Amino acid sequence: MNLGKYLTIYKKFLHTSLASELEYKANILVDLITAILSLVGSIFLLSIFFQNSGYIGGWKFEQALIIQAIYTILNGITNTWFNPNLTEIVKHIREGTLDFVLLKPIDSQFFISLKKLNPSGFLEIMLGFFLLFFCIRINQINLNLSFVTLSLVTISCSICILYSLWFFISTTTIWFVKTWNAIEVLRSFLYIGRFPLNSFSFSLRIFFSVFIPIAFITTIPSEVFLGLSQLWKILLEVIVALVFLITSRKFWLFALKFYSSASS
Amino acid sequence: MVQNIIDVRNLSKSFDISSKEPGLKGTIKHFFRRQTKSLKVIKNISFEIKEGEIVGFLGANGAGKTTILKMLCGLIYPSEGSILVSEHLPFRRKENFLKNITLIMGQKQQLIWDLPPIESFYLNASIYDIDKFEAKKRIKKLSEMLEIDEELFIPVRKLSLGQRMKSELLAALIHEPNILFLDEPTLGLDINAQRNLRKFLQKYNKETNATICLTSHYMKDITSLCKRVICVQEGAISYDGKLDLLLKKLSPVKEILIVCRSEEDASKLENFGFTVKNKIKNEITIKIENESITPSLKSILNNFDIEDLFINEPPIDEVIGKVLIKKEYDI
């Protein structure tokens, strides 16, 4: 793979997506307001849960805020990259415009995963980081190199898991044609990631760790921030992320053999 | 000797199709137990296409023309048989192969809807490894050939269908492909836009010696661009050869309207041995086989006092339409 070529193409993707989105100023403004209100609403909801007892699943409100911050960053990434691109896969397959993607001399997964970008998601990412730095301060977390490295590794793994899950579901469109509902279910599960894994019952914890690894997405990075993480958990998250990435890639290449294109 | 650029041998394609009975009961049954059957849409076809040839694929809706094109460009895996396009197996979609071909579909678009076409051109240029300077040169050359200029800087959503199609062509040709697959490229265009597009394709073929595979339901596209046609009937090839030979086969006789100076002459001509379609006063319409038109007309002009004479070519759409009617004509 020619990295230089892919970087040039990605620069073009960024340019065309930004130019497309900036055509609709009002839409961007509404998105920005929604992102701020959504974060304020989520923190308010979280504070209600903590009103009666100071702890949920062994987590204090200040600690749970870290999960909220990571969730906000991930949601921002979802809204910036995954939502505009991965929901388009369904459209590409239904309308047959995947033909144009497959006939381009570049990796089709790269093309359909990164072609578009929603700039209003950037604000959510920034708000998430702002909240995260605020949490680092109020929880008196000591910033050192190993902490930053582990945080980056776990957050990157979370992004990979989330992307792979979404991409995997979208790929099934090649057989099932319509998979909007499955994607909505995934998004709903992601909302659950705003709460500490320990706040759920044992069976739900197993479900969210094994079957739909939402737990890995927010809880493990949060534990790193609070110094509660164990090495095996971080290693497990790295392995899960790699397995998910490789599987989703292989599944895409396998599924393309069954692509029949839409009739003209 | 001109080389074969496309070589198709015993190609077949089957799809699993599900069918549903009408009504609520049928819908529920279809939801719980879907009945699928394998449908062979392309049946053991073989053909070759030479470099620089323009070949038209003719057939009714659902005959399998688009499926053939999509297998040729590597979008659909064949079920049986072999395809070689520009010495590549298309379905492997290797970079060198993809840089050599393009697919243009009249009913689907690849341009970015909210941006001027020029943005899509530069994006495609970077995908095809074309540097900015070279891309600019190619855009200038192609836009001159396509006669588009200001349209390059207007958002695609504000362009007319004709302008959009020209821009689609430019986007699809920026990498100067050797093989063009065109699936109904003139669909929905007005007469002038259709003519301009055809003019462009002729010019492009002449200048670059590109091979063009074309499907179209507008017969003018086929007659003005293709010397060779491949007729597809229910997934099988029913004719592969020169278009003029096909027309002769399908329409072996011509109708000739003869205006005689007198009614008496017209009556004499009626009994001269030709097949008469009708006779109204001094006007008589006869049918003559294509091969004997010249001697027959000579004999008529020598023996009768003729005021005027019209040779009626049957409308091309009507003639080709016979090919499209399933099973009715065995070519």
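# Reading a predicted two-chain model

Q: This is a predicted model, so let's start with one residue: why is Lys116(A) called buried or exposed here?
A: Lys116(A) has 21 C-beta neighbours inside 10 Å. The cut-off for a buried residue is 20 or more, so Lys116(A) counts as buried.

Q: Where is Lys116(A), and which residues does Lys116(A) touch?
A: You will find Lys116(A) in the loop between α5 (108-114) and α6 (121-138) of chain A. Leaving aside residues up to four places away in sequence, Lys116(A) touches Ser17(A), Pro84(A), Asn85(A) and Glu88(A). The contact cut-off here is C-beta atoms within 7 Å.

Q: How many residues apart in sequence are Lys116(A) and Trp81(A), and how many Å apart in space?
A: They are 35 residues apart in sequence, and their C-alpha atoms are 6.8 Å apart in space.

Q: What does the radius of gyration say about chain A, and why?
A: A compact globule with 264 residues would have a radius of gyration near 18 Å, and chain A has 19 Å, so the value agrees with the rule. The C-alpha trace of chain A spans about 60 × 40 × 35 Å along its principal axes. Buried residues account for 38% of the 264 residues in this chain.

Q: What share of the contacts in chain A with a separation of 6 or more comes from residues 24 or more positions apart?
A: Such pairs account for 78% of those contacts.

Q: How many helices and strands does chain A have, and what pattern do they follow?
A: Chain A has 12 helices and 2 strands. Along the sequence they read α-α-β-β-α-α-α-α-α-α-α-α-α-α.

Q: What makes up the contact of chain A with chain B?
A: Chain A brings 21 residues and chain B brings 28 residues. On the chain A side, α1 (3-22) and α4 (98-102) each supply at least two residues. The largest share, 7 residues, comes from α1(A). Sorted by class, this side of chain A has 7 nonpolar, 8 polar and 6 charged residues.

Q: How many residues of helix α4 (residues 117-127) of chain B are buried, and what do they pack against?
A: Of its 11 residues, 9 are buried, and the helix is mostly covered. Among the buried residues of α4(B) are Pro117(B), Glu119(B), Phe121(B) and Ile127(B). They pack against α1 of chain A, together with α5 (132-146) and α6 of chain B. After α4(B) comes Asp129(B), with a positive phi near 60°.

Q: Why is helix α2 (residues 65-72) of chain B described as largely enclosed?
A: Its count is 8 of 8 residues buried, so α2(B) is largely enclosed by the rest of the structure. The buried residues include Lys65(B), Lys70(B) and Leu72(B). Gly74(B) follows α2(B), and its phi is positive, near 90°.

Q: Which residues have the most contacts inside the largest nonpolar core?
A: They are Leu72(B), Leu170(B), Phe181(B), Cys213(B) and Val229(B), in a core of 70 residues. Helix α6 (residues 161-173) of chain B gives the largest share of this core, 6 residues. Apart from it lies another core, of 50 residues, with Trp59(A), Ala64(A), Cys135(A) and Cys157(A) among them.

Q: Which residues does Leu72(B) touch?
A: Not counting residues up to four places away in sequence, Leu72(B) touches Ile6(B), Ile83(B), Val85(B), Pro90(B), Phe181(B) and Cys213(B).

Q: Why is strand β7 (residues 211-215) of chain B called largely enclosed?
A: Here 5 of the 5 residues are buried, so β7(B) is largely enclosed by the rest of the structure. Thr211(B), Cys213(B) and Thr215(B) point one way from β7(B), while Ile212(B) and Leu214(B) point the other way. In a regular strand the side chains alternate between the two faces of the sheet.

Q: What makes β7(B) a partner of strand β3 (residues 54-58) and of strand β6 (residues 179-183) of chain B?
A: Pairing needs at least two bridges. β3(B) and β7(B) share 4 bridges in the parallel sense, and β6(B) and β7(B) have 5 bridges, again parallel. Ile54(B) has Ile212(B) as its bridge partner in β7(B), and Leu182(B) stands opposite Leu214(B). From β6(B) the chain crosses through helix α7 (residues 191-208) of chain B to β7(B), in a right-handed β-α-β crossover.

Terms used: Residues are numbered from 1 along each chain as its sequence is written. Chains are lettered from A and ligands numbered from 1 in the order in which they are written. This is a predicted model: local features need pLDDT of at least 70, side-chain atom pairs count only at pLDDT 80 or more; totals for chains, interfaces and linings use all residues. Two residues are in contact if their C-beta atoms, placed from the backbone, lie within 7 Å. Ala, Val, Leu, Ile, Met, Phe, Trp, Tyr, Cys and Pro count as nonpolar, Asp, Glu, Lys and Arg as charged, and the others, Gly among them, as polar. A nonpolar core is a set of buried Ala, Val, Leu, Ile, Met, Phe, Trp, Tyr and Cys residues joined through C-beta atoms within 7 Å. A residue is buried if 20 or more other C-beta atoms lie within 10 Å of its own, exposed if 12 or fewer, and partly exposed in between; C-beta atoms are placed from the backbone. A crossover is right-handed if, with the strands pointing away from the viewer, the path from the first strand over the helix to the second runs clockwise. The radius of gyration is taken over C-alpha atoms; the globule rule is 2.2 Å times the number of residues to the power 0.38.
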